[in-house]
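Please read the points below with the sequence and the model at hand.

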Amino acid sequence: MADYNHSKIEQKWQLYWEENKVFKAEIEPDKPKFYVLDMFPYPSGAGLHVGHPLGYIASDIVSRFKRNKGFNVLHPMGFDAFGLPAEQYAIQTGQHPAITTEQNIKRYKDQLKGIGLSYDWDKEVQTCDPKYYKWTQWIFSQLFNSWYNNLSNKAEPIDDLIVIFEKEGNQNVVAACDEDTAVFDVNQWNTSSDQEKAKILLNYRLTYPADALVNWCPELGTVLANDEVKDGYSERGGYPVERKKMRQWMMRITAYSDRLAGNLEKLNWSESMKEMQTNWIGKSYGCELDFKVIDKDITLTCFTTRPDTIFGVTYMVLAPEHELIDELTTPERKEEVDAYIQKAINRSERERMSEVKTVSGVFSGSYVTNPFTKEKVPLWIADYVLAGYGTGVVMAVPSADDRDFRFATYYGLPVKRVIAGTENLDDPTEIKHGKMINSGFITGMNSKDAVKATIEHAEKEGFGKAKINYRIRDAVFSRQRYWGEPVPVYFTDDGIPHLIPENELPLELPSVDEYLPTETGEPPLGRAKDWLYKGKYNYELTTMPGWAGSSWYFLRYMDANNEDTFVSPEAVKYWNSVDLYIGGTEHATGHLLYSRFWNMFLFDKGFIFHEEPFQKLVNQGMIQGRSNIIYKLKDENKFVSVGLKGDDDVIELHVDVNIVNNDILDIDAFKSWMPDYKDAEFELENGKFKCGFAVEKMSKRWYNVVNPDDVIEKYGADNLRMYEMFLGPIELSKPWNTHGIDGVAKFLRKLWGLFYNANGDFVVTDEKPKAEEHKVLHKTIQKVERDIENLSFNTSVSEFMICVNALNQLKCHKKEILEKLLVVLSPFAPHISEELWQKLGHEQSIIFASYPKFNEEFIREDEYEYPIMVNGKMRTKIKFSLDKNPKEIEAEVLENEVVKKWLNSKTPKKVIVVPKKIVNVVV
C-alpha cells in the first residue's frame, strides 16, 4: 500500500489553503449566505487541550458542508484578548500584557491551523488591537448619547430628549431611567445650570456613572461581574471577593429587559438555555406596598408578587446593603447588626441565592405597620434579601414562602396560615395557592382574584401600586485594571463626564510603570504620567470589562478591515445575523445577554438591520479527562497494581496520562517524572503495573491534559477531527480516551486502500459502478447530509466506517463512486480528501465541489429476504422479488429443498405469508 503519510499530506494542504485563501469570504449577492461562528476564545498561555477543539471541529464540518452545498460561508476566528491572566502575569514579571497576549495568540493560531479549520484569517480580530477597540469605544459613545423611550420601545438620541425637556419638562416622558429621577417642568429645566442639566441627563443615558455595590477582589485589584464570582471567590485564581460600594460606569441593560425576555421564543436555542436567560432576567408581576416605620418618619416600600398573602405577614426583612439600616437600627441592637452586616455583605449574590437552606439574620429593633391589618411587624435584616431586586425590602409570609418559613422557624417568629388546606400541615408552604383564609376582606377568594383585589385596594387607599419587576440589574461596566479598553471619557472640574470626540478615537492605553493600583487606591491607569485630556482634564481611570469587546465582534467579522465604520451597511445587510453559533453554556447569563443587548441597541439606532445576533445556538458538551491513578501503600514506599490493592490502606495518586498506555504504567518514565519515588517498589500483576482510572475535568491538577499537537503528530489532524466527533453527541459531555483513536486510524487506512493497492499502485478505474456500489454510496450521502443538518456528527463517522468497509468488500475502486464519497467525507477529514481528490485529476480544491445529490432510486429495495419458519422455528432464508404475490411465494417455499427436508413428506396444514416480514409453514 502506498504510504499514507498524514504529516506530509496535512502540512501540504494547510499551506495550500493559506496561500490560496481558499476560505476567503466576500459579499456575493447572487449566492445564499451562511454565517457560522465559534464563541470568541481567550488565548491562554497553556494553549489548547483536546477538549477545546470539539466545538471548532463541529462548526468547521458545517462550514465545509455548506460550501459544498453552494452557500457563501463566513467562518471567521479572532481572540477575546483583554483578560486578567495576562495582566496578572504582567504584575508578576513586569512584561507588558500585549507581549504575553501576542505570544499566546500565535500559539493558538498555530494549533487551530494544525487542526485544519477553515477560517478566513483575513477577518481575524483581536479585542486588544486599537483598530478594533476604537469601535468598541465608538459604541460606548453611542450608548452614552442615547436614552430608552418606553413609548416607542427603542433607544433614541439624547438630543431628542433634550428637545422634549425644553418644551415640556419630563412630566410626560416615559423612559428607562433611575428610579429616584425627580419630576420637573419646562421652567425648571430651562432655569437649571448646565451642570444640573448634565446630571439630570445621566439619569437617562444608556451608560452612566453611579455608586454601585460591586464584587471587589483585592487580590486581583478589580471589580468582577456576578458570573465571575463563585461561592465568595473569584472564578479565576480563587481569591476572596467582598461586596463594596464604588463609583462605576453602568450599562442600562434593564431598559431592554422586556425585549430580551420576549424575543427568546423566536430563537432556535435549547429550552434549557432559554430558561437560564429567562430566570436571569426574572420578569415578575406584582405590586409595591408602603410600610410605615413606627416612631420614625420613614416609609419602606416592598415589591411582592403575592399581595394576596398580606394578612400572613409576621415580619419584614431588609437587605444587608439597604441604605436606611443605620437609621432603622436601634442603639441597643447596633453592635450585633453591624457585625452581621459586615459578614453578610461579603457573600456574593450568587451564593446568597443558591444556598437556600442557610439561615441567618438579625433583628433591627424597629417595627413597621402592616398597611392592611395595622398590625405591628418586627423589622429584621437578612442576607437572603438582595438590594438589587425590587426595593431591597421583603414582606415575609412564613406560611407561603419556603425561605420565610425556614427563617421564622429558626428564629421562633409567628406563622399565620392564610391558604386553605395548610391549617394542619407541619410545613404550610407545601400549598402555595388556593382559597384564602384568615385574610379579612379577601377571605374566601382564590389566590388569583385575591391578588387583583389587594392591588386595587392598595391603589385606592394610596399605599400601593401595581408594578412589573425584573431580577436583572444594570450591568457594571468598569474594571479597576490596566489591560482593557480605555473608557473614552474625560471629566471637567465640576465632575461631569464628557465624551472624547469621535474623530479623536481610539483613546489608547498609556504606558505605566507598574500594573498595580496606585498608592492612593486608584486603578493602574492612575500611574500614567501626564495622562490628561488636552493636558488639562482627567480621563476615566477604569477600563471596560472583558465582555465589552465580545459583545459585538460578530459584527466586525463581516467587515473586519473597514477603517471608516464598524461595519458597512452592505456587509451587515448581506451577512445579517449568525446562522449557527457554537459555544459553552457558561456564557448563558454573561456574554449572550450582553451581546443581545448591544445588538438590539445598534438595531434601534439603525446601524444594523437585525434585532437578534444569533439565530441558532448550540452548546457543545465538555470532553472530560480520563485520569490514571496509582495506589501507594500507606507508610511504605511501595505501589501496588490496581488489581492487588484489595482493602489495604492506600493513598491514591494521579499520574501523568502521557506515561500510561492502555492503563499500563511505564514505571521507568514514572520514576523520572517523580524522582521522589525512584527507589519505590512496584508490585505487578501478570508482569505489568496496571493503573486505576477516573473520569474528571481535564486539568493540569489531575495530570490528564492531552495536547492536540501530540495527537496530531502521532495520528494526524483528520484522525483527531473524526475521533472527537465519534465520541458522542456534540451537546453531551464525554470522556477522552486516546486508546479509542485507533479505530479511526484504521478507517483512514482502509479509505486509502480503496485508491492504492499493497504495492503502492493507484487502482482507481473508470468502470461503470454496479447497483450495489451505488446503493452503499447513496445511503451514506443521505445519512451524512441529514446528520450534518441535525449536528449528529457521531453517527456520520459510524456511517463512513460502514460505507468504506462495504466498498472494500465489494472491491470497489471506481472513480464515480469514490469521487462522490470524498466530497461527502471532506468536511470531516479534509486533508486526506484533498489529497485523493487531487489524485483523481482535480486541479481545484475539493471545497469548491458540489455536494452529491442523493438519488432514492439507488437505495430502493427490489427484493426482500424472508426468514422461513417451520412450526415456529427458522429453518432457512429465501430472497423474493417485492412484486411477487403471497401465492407465488408460498409455491416457491414449498419447493425449497431445505423446507422439504423439514416437512418430511407431510402436507402442511397452512402457509402464512406476511409480506416483507416472514413466512411460516405450519405442519
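Predicted model: local features only at pLDDT ≥ 70, side-chain atom pairs only at ≥ 80, totals over all residues.

1. Setting of Q111. The residue Q111 belongs to helix α4, which covers residues 97-114. Its relative accessibility is 3%. Because buried means under 20% relative accessible area, Q111 counts as buried.

2. Surroundings of Q111. Leaving aside residues up to four places away in sequence, Q111 touches G47, L48, N707, P708 and D709. With D709, a polar contact is also formed, side chain to side chain, at 3.2 Å.

3. The parallel sheet. An open sheet of four strands has the order β2-β1-β22-β23, with parallel pairing. The edges are taken by β2 (72-74) and β23 (617-619); each has a single partner strand, so one side of each lacks a neighbour in the sheet. From one strand to the next, the twist averages 20 degrees.

4. Pairing at β23. Strand β22 (residues 580-583) runs parallel to β23, and three bridges join the two. Within this part of the sheet, G583 stands opposite N619 of β23.

5. The antiparallel sheet. Another open sheet is formed by four strands in the order β19-β18-β21-β20, and here the pairing is antiparallel. At its edges stand β19 (497-499) and β20 (532-533), each with a single partner strand, so one side of each is without a neighbour in the sheet.

6. Pairing at β20. Two bridges pair β20 with strand β21 (residues 537-539) in the antiparallel sense. Y533 stands opposite Y537, a residue of β21.

Key: Residues numbered from 1 in each chain as written. Heavy atoms only, no water. Buried < 20%, exposed > 50% of the residue type's maximum accessible area, 1.4 Å probe, protein only. Polar contact = N/O pair within 3.5 Å; in protein donor to acceptor, adjacent residues only side chain to side chain. Contact = heavy atoms within 4.5 Å. Pairing = 2+ DSSP bridges. Axes fitted to C-alpha atoms, helices over the stretch in contact; angles between N-to-C directions.
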